[in-house]
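The following note sets out numbered comments on the model shown here. Please read each point alongside the coordinates.

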Amino acid sequence: SGQLDYLQFAVSIPPVASATVAEISPTTSLAGEVASFTYKIKPRFQPGDLGFDSISIDTPAQVLGVDAVRIGGKSAEFAVKALTETGFSVRIPAIDTQLTEELIEVDFRGEIFKFGTVFTGRVFNSSLPDEVHQSVTAGDADPLVDSDRLQVDLVELSHRTILALRLSSPVLTPNGDGVNDRVEIEYDLLNLSGGVPIRVKILNLAGHSLGRVLDDIATSGRSAMQWDGRMGAGRLLVPGMYILRLEVEADSGTDTVDRVFSIAY
């Protein structure tokens with residue numbers, strides 16, 4: 001009834017940096033192999049910019065470690081604040097307007113599974129948690145490397161979609177004693193545009209299918225599942241040797257990889 005409940009003011013505050021260019025080196029990598037990358041950032045400040053003390057980088061899989069941070073070529077203290085399957089963030093010493101055009105480098109180890117993987121990044125100020133994280137722009141952060149981009153390509157790109165298939169043990173003993181009652185099935189997939197059908201089948205040694213233990217949609221990257229030796233309706237396979245087959249239905253056709261395993265109890 002005419003009563004004013006609240007007033008809202010929109011205050012535009014300065015950006016953390018007027019412009020931030022970044023590039024990654026190297027720009028090629030072998031599929032699914034751990035490689036060392038350096039993320040290079042060069043901020044350009046205007047008077048009044050707030051500066052930043054944190055960097056977050058998007059990665060295609062969880063990185064294996066963040067090894068070093070350098071500011072202007074000198075080692076700097078850093079703390080990893082987040083590390084997930086989709087990226088990581090590091091806290092670094094405060095970068096302010098006095099460090100404009102100073103090169104900041106972050107060394108990390110990771111893997112790529114897809115041609116043209118882009119490592120997008122953002123800078124932000126941890127003391128301003130509500131502020132929008134500011135995206136970096138691909139560009140010439142370091143004149144000594146001629147990358148000027150944030151994209152890493154696969155070398156030796158083949159049409160294979162299954163890079164690896166690993167079983168935690170070649171023998172499954174589903175007798176309830178807690179040892180090898182389940183097998184972990186881990187696989188690395190490559191070159192997939194979007195989600196594609198994937199199946200894990202169990203066959204006897206004569207090649208006859210006994211059924212599926214996974215029917216799903218998968219994308220490029222590393223995935224894992226566990227299996228307890230049971231087929232449909234909880235039926236346990238009888239002791240013996242079997243074939244586990246991973247099938248991926250990609251645009252280029254169906255790719256399959258087999259592993260022999262045995263069941264004993």
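1. F119 has a relative accessibility of 2% and therefore counts as buried (buried means under 20% relative accessible area, exposed over 50%, partly exposed in between; 1.4 Å probe, protein chains only). F108 is likewise buried, at a relative accessible area of 1%.

2. This is a predicted model, in which local features need pLDDT of at least 70 and side-chain atom pairs count only at pLDDT 80 or more, while totals for chains, interfaces and linings use all residues. Residues are numbered from 1 along each chain as its sequence is written, and side-chain values use heavy atoms, with hydrogens and water left out.

3. The structure contains seven aromatic pairs (rings of Phe, Tyr and Trp, the last by its six-membered ring, with centres within 6.5 Å; planes under 30 degrees apart are stacked, over 60 edge-to-face, the rest tilted). One of them, F45 with F52, is tilted, at 6.2 Å centre to centre and 35° between the planes. Both F45 and F52 are buried.

4. F108 and F119 also form a tilted pair, with 5.9 Å between centres and 50° between planes. F108 lies in strand 9 (residues 104–110), and F119 in the loop between strand 10 (117–118) and strand 11 (121–124). F37, F88, F108 and F119 make up one aromatic cluster.

5. The protein chain has 22 strands and zero helices (DSSP runs numbered from the N terminus: H or I of at least four residues for helices, E of at least two for strands). Of its 265 residues, 43% count as buried.
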